[in-house]
Amino acid sequence: MEGEAKYSLPDLPYAADALEPYISKEQLTIHHDKHHMAYVNGANANLAALDEGRKKGTDPNMKPVLKDLSWNFGGHYLHSLFWANLAPAGKGGGGEPTGAAAEKIKTGFGSFARFKAEFTQAAASVEGSGWAALIECPLTKTLQIMQVEKHNTNVFPACKVLMVLDLFEHAYYIDYKNDRGAFIGAFWNIVNWDEVNRRL
(Lines give C-alpha, C1' and ligand atoms only; values in the text may rest on other atoms or scores of the structure.)
Protein backbone atom coordinates (compact mmCIF):
# COMPACT_ATOMS: atom_id res chain seq x y z
CA MET A 1 0.00 0.00 0.00
CA GLU A 2 3.06 2.24 0.02
CA GLY A 3 2.33 5.40 -1.94
CA GLU A 4 -1.31 4.42 -2.37
CA ALA A 5 -4.41 5.93 -0.81
CA LYS A 6 -5.62 4.41 2.42
CA TYR A 7 -8.94 4.75 4.14
CA SER A 8 -9.06 7.40 6.84
CA LEU A 9 -11.45 8.34 9.62
CA PRO A 10 -13.54 11.37 8.61
CA ASP A 11 -13.88 14.26 11.02
CA LEU A 12 -17.29 14.76 12.57
CA PRO A 13 -19.16 17.62 10.84
CA TYR A 14 -20.16 19.04 14.25
CA ALA A 15 -18.79 19.20 17.79
CA ALA A 16 -18.87 15.97 19.78
CA ASP A 17 -21.50 17.40 22.15
CA ALA A 18 -23.63 18.97 19.41
CA LEU A 19 -26.16 16.12 19.24
CA GLU A 20 -27.02 16.18 22.93
CA PRO A 21 -29.34 15.27 24.55
CA TYR A 22 -30.13 12.68 21.88
CA ILE A 23 -26.56 11.38 21.59
CA SER A 24 -24.16 12.26 24.37
CA LYS A 25 -20.61 13.45 23.87
CA GLU A 26 -19.30 10.28 25.50
CA GLN A 27 -21.40 8.01 23.30
CA LEU A 28 -20.54 9.87 20.11
CA THR A 29 -16.83 10.07 20.88
CA ILE A 30 -16.46 6.36 21.63
CA HIS A 31 -18.57 5.42 18.61
CA HIS A 32 -16.59 7.62 16.22
CA ASP A 33 -13.07 7.46 17.65
CA LYS A 34 -13.02 3.79 18.68
CA HIS A 35 -15.59 1.78 16.76
CA HIS A 36 -15.43 3.56 13.41
CA MET A 37 -11.64 3.79 13.65
CA ALA A 38 -11.50 0.00 14.09
CA TYR A 39 -13.18 -0.50 10.70
CA VAL A 40 -10.79 1.94 9.04
CA ASN A 41 -7.78 0.15 10.53
CA GLY A 42 -9.22 -3.24 9.65
CA ALA A 43 -9.88 -2.33 6.01
CA ASN A 44 -6.39 -0.89 5.64
CA ALA A 45 -4.88 -4.05 7.14
CA ASN A 46 -6.90 -6.19 4.72
CA LEU A 47 -5.69 -4.16 1.76
CA ALA A 48 -2.10 -4.30 3.03
CA ALA A 49 -2.29 -8.10 3.26
CA LEU A 50 -3.48 -8.31 -0.33
CA ASP A 51 -0.81 -5.89 -1.47
CA GLU A 52 1.93 -7.79 0.33
CA GLY A 53 0.89 -11.01 -1.38
CA ARG A 54 1.07 -9.32 -4.79
CA LYS A 55 4.53 -7.91 -4.11
CA LYS A 56 5.90 -11.22 -2.80
CA GLY A 57 4.09 -13.37 -5.33
CA THR A 58 2.41 -15.37 -2.58
CA ASP A 59 -1.17 -16.49 -2.45
CA PRO A 60 -3.16 -14.97 0.44
CA ASN A 61 -6.09 -16.90 1.83
CA MET A 62 -8.53 -14.92 -0.30
CA LYS A 63 -11.86 -16.00 1.16
CA PRO A 64 -11.34 -14.81 4.75
CA VAL A 65 -9.39 -11.71 3.69
CA LEU A 66 -12.07 -10.57 1.27
CA LYS A 67 -14.86 -11.42 3.70
CA ASP A 68 -13.12 -9.36 6.39
CA LEU A 69 -12.52 -6.51 3.93
CA SER A 70 -16.22 -6.48 3.04
CA TRP A 71 -17.09 -6.24 6.76
CA ASN A 72 -14.56 -3.50 7.48
CA PHE A 73 -15.22 -1.46 4.35
CA GLY A 74 -18.99 -1.70 4.91
CA GLY A 75 -18.53 -0.48 8.47
CA HIS A 76 -16.36 2.41 7.36
CA TYR A 77 -18.64 3.45 4.50
CA LEU A 78 -21.91 3.27 6.42
CA HIS A 79 -20.49 5.11 9.43
CA SER A 80 -19.18 7.86 7.14
CA LEU A 81 -22.70 8.28 5.74
CA PHE A 82 -24.20 8.14 9.24
CA TRP A 83 -22.21 11.04 10.71
CA ALA A 84 -23.14 13.28 7.79
CA ASN A 85 -26.87 12.47 7.90
CA LEU A 86 -27.06 13.74 11.48
CA ALA A 87 -27.20 17.38 12.58
CA PRO A 88 -27.90 19.20 15.85
CA ALA A 89 -31.61 19.44 16.67
CA GLY A 90 -33.04 22.73 15.46
CA LYS A 91 -29.84 23.51 13.55
CA GLY A 92 -30.37 21.33 10.52
CA GLY A 93 -31.50 18.25 12.42
CA GLY A 94 -35.03 16.96 12.90
CA GLY A 95 -38.36 18.02 11.54
CA GLU A 96 -39.82 16.83 8.26
CA PRO A 97 -38.04 16.73 4.92
CA THR A 98 -38.49 19.41 2.28
CA GLY A 99 -37.64 19.60 -1.39
CA ALA A 100 -36.97 16.52 -3.47
CA ALA A 101 -36.79 14.19 -0.47
CA ALA A 102 -40.24 15.27 0.71
CA GLU A 103 -41.71 14.83 -2.77
CA LYS A 104 -40.20 11.39 -3.32
CA ILE A 105 -41.21 10.21 0.16
CA LYS A 106 -44.79 11.33 -0.45
CA THR A 107 -44.84 9.65 -3.86
CA GLY A 108 -43.33 6.41 -2.61
CA PHE A 109 -44.93 6.06 0.81
CA GLY A 110 -48.05 8.22 0.65
CA SER A 111 -46.98 10.50 3.50
CA PHE A 112 -44.04 11.29 5.73
CA ALA A 113 -45.89 9.74 8.67
CA ARG A 114 -46.19 6.44 6.80
CA PHE A 115 -42.52 6.53 5.80
CA LYS A 116 -41.44 7.29 9.36
CA ALA A 117 -43.53 4.41 10.70
CA GLU A 118 -42.09 1.96 8.15
CA PHE A 119 -38.50 3.10 8.68
CA THR A 120 -38.92 2.91 12.45
CA GLN A 121 -40.28 -0.62 12.20
CA ALA A 122 -37.46 -1.64 9.86
CA ALA A 123 -34.89 -0.23 12.29
CA ALA A 124 -36.49 -1.90 15.30
CA SER A 125 -36.63 -5.30 13.61
CA VAL A 126 -33.05 -5.50 12.29
CA GLU A 127 -31.84 -8.91 13.44
CA GLY A 128 -28.86 -8.67 15.75
CA SER A 129 -26.55 -5.88 14.66
CA GLY A 130 -27.09 -3.89 11.49
CA TRP A 131 -28.52 -0.80 9.88
CA ALA A 132 -31.72 0.66 8.50
CA ALA A 133 -31.31 2.64 5.29
CA LEU A 134 -33.31 4.77 2.92
CA ILE A 135 -32.18 4.10 -0.63
CA GLU A 136 -33.02 5.12 -4.18
CA CYS A 137 -33.37 2.29 -6.69
CA PRO A 138 -31.27 3.01 -9.81
CA LEU A 139 -33.75 1.21 -12.05
CA THR A 140 -37.05 2.72 -10.92
CA LYS A 141 -35.74 5.92 -9.28
CA THR A 142 -38.10 5.20 -6.39
CA LEU A 143 -37.23 5.26 -2.69
CA GLN A 144 -37.12 2.04 -0.70
CA ILE A 145 -36.20 1.00 2.83
CA MET A 146 -33.38 -1.50 3.25
CA GLN A 147 -32.29 -3.51 6.29
CA VAL A 148 -28.56 -4.20 6.32
CA GLU A 149 -27.45 -7.05 8.55
CA LYS A 150 -23.98 -6.48 10.02
CA HIS A 151 -22.40 -4.02 7.54
CA ASN A 152 -22.56 -6.05 4.38
CA THR A 153 -25.50 -8.48 4.21
CA ASN A 154 -28.83 -7.89 2.41
CA VAL A 155 -27.37 -4.89 0.58
CA PHE A 156 -29.17 -3.97 -2.65
CA PRO A 157 -26.44 -3.63 -5.33
CA ALA A 158 -25.98 -0.20 -6.95
CA CYS A 159 -28.71 1.49 -4.89
CA LYS A 160 -27.87 5.02 -3.79
CA VAL A 161 -27.87 5.23 0.01
CA LEU A 162 -29.60 8.41 1.15
CA MET A 163 -29.88 7.94 4.91
CA VAL A 164 -28.70 5.35 7.42
CA LEU A 165 -29.30 4.57 11.07
CA ASP A 166 -26.77 2.46 12.96
CA LEU A 167 -28.48 -0.24 15.03
CA PHE A 168 -25.37 -1.85 16.49
CA GLU A 169 -25.45 -1.60 20.28
CA HIS A 170 -22.22 0.39 20.14
CA ALA A 171 -24.29 3.25 18.66
CA TYR A 172 -26.48 3.68 21.73
CA TYR A 173 -25.50 1.47 24.69
CA ILE A 174 -24.07 4.27 26.86
CA ASP A 175 -27.10 6.54 26.45
CA TYR A 176 -29.96 4.05 26.07
CA LYS A 177 -28.61 0.76 27.45
CA ASN A 178 -30.58 -1.95 25.60
CA ASP A 179 -33.51 0.29 24.64
CA ARG A 180 -33.13 0.34 20.86
CA GLY A 181 -36.61 1.82 20.46
CA ALA A 182 -35.72 4.93 22.46
CA PHE A 183 -32.61 5.45 20.34
CA ILE A 184 -34.64 5.13 17.14
CA GLY A 185 -37.13 7.67 18.47
CA ALA A 186 -34.29 10.07 19.29
CA PHE A 187 -32.89 9.74 15.77
CA TRP A 188 -35.82 11.63 14.27
CA ASN A 189 -34.76 14.73 16.22
CA ILE A 190 -31.30 14.84 14.62
CA VAL A 191 -31.75 13.47 11.09
CA ASN A 192 -30.26 15.87 8.53
CA TRP A 193 -32.74 16.21 5.68
CA ASP A 194 -30.53 18.71 3.87
CA GLU A 195 -27.92 15.97 3.54
CA VAL A 196 -30.55 13.52 2.27
CA ASN A 197 -31.53 16.06 -0.38
CA ARG A 198 -27.89 16.60 -1.31
CA ARG A 199 -27.45 12.86 -1.84
CA LEU A 200 -30.56 12.77 -3.99
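Here are a few friendly notes on a helix pair and a set of strands in this predicted model.

1. Let's start with the helices. Helix α1 covers residues 25–56 and helix α2 covers residues 62–84. The two pack with their axes 8 Å apart, at an angle of about 145°, and their crossing is left-handed. If you like to think in residue classes, the contact of α1 with α2 has 15 nonpolar residues, 10 polar ones and one charged residue.

2. Next, have a look at strand β1, residues 130–136. Seven of its seven residues are buried, so the strand is largely enclosed by the rest of the structure.

3. Which residues of β1 point one way, and which the other way? Gly 130, Ala 132, Leu 134 and Glu 136 point one way, while Trp 131, Ala 133 and Ile 135 point the other way. All of them are buried, Glu 136 and Trp 131 included.

4. To find your place on screen, pick Leu 134, whose bridge partner in β2 is Ile 145. β1 and β2 form a hairpin, with six residues between them. In that turn, Lys 141 is worth a click: its phi is positive, at about 60°.

5. β1 also pairs with strand β3, residues 160–166, again in the antiparallel sense, here over six bridges. A handy landmark for this pairing is Trp 131, which has Asp 166 as its bridge partner in β3.

Conventions:
Residues are numbered from 1 along each chain as its sequence is written. This is a predicted model: local features need pLDDT of at least 70, side-chain atom pairs count only at pLDDT 80 or more; totals for chains, interfaces and linings use all residues. Side-chain values use heavy atoms; hydrogens and water are left out. Axes are lines fitted to C-alpha atoms, for helices over the stretch in contact, and angles run from 0 to 180 degrees between N-to-C directions. Helices (H or I, at least four residues) and strands (E, at least two) are DSSP runs, numbered from the N terminus. A crossing is left-handed if the near helix is turned anticlockwise from the far one by less than a right angle, and right-handed if clockwise. Ala, Val, Leu, Ile, Met, Phe, Trp, Tyr, Cys and Pro count as nonpolar, Asp, Glu, Lys and Arg as charged, and the others, Gly among them, as polar. Buried means under 20% relative accessible area, exposed over 50%, partly exposed in between (1.4 Å probe, protein chains only). Two strands pair if DSSP finds at least two bridges between them.
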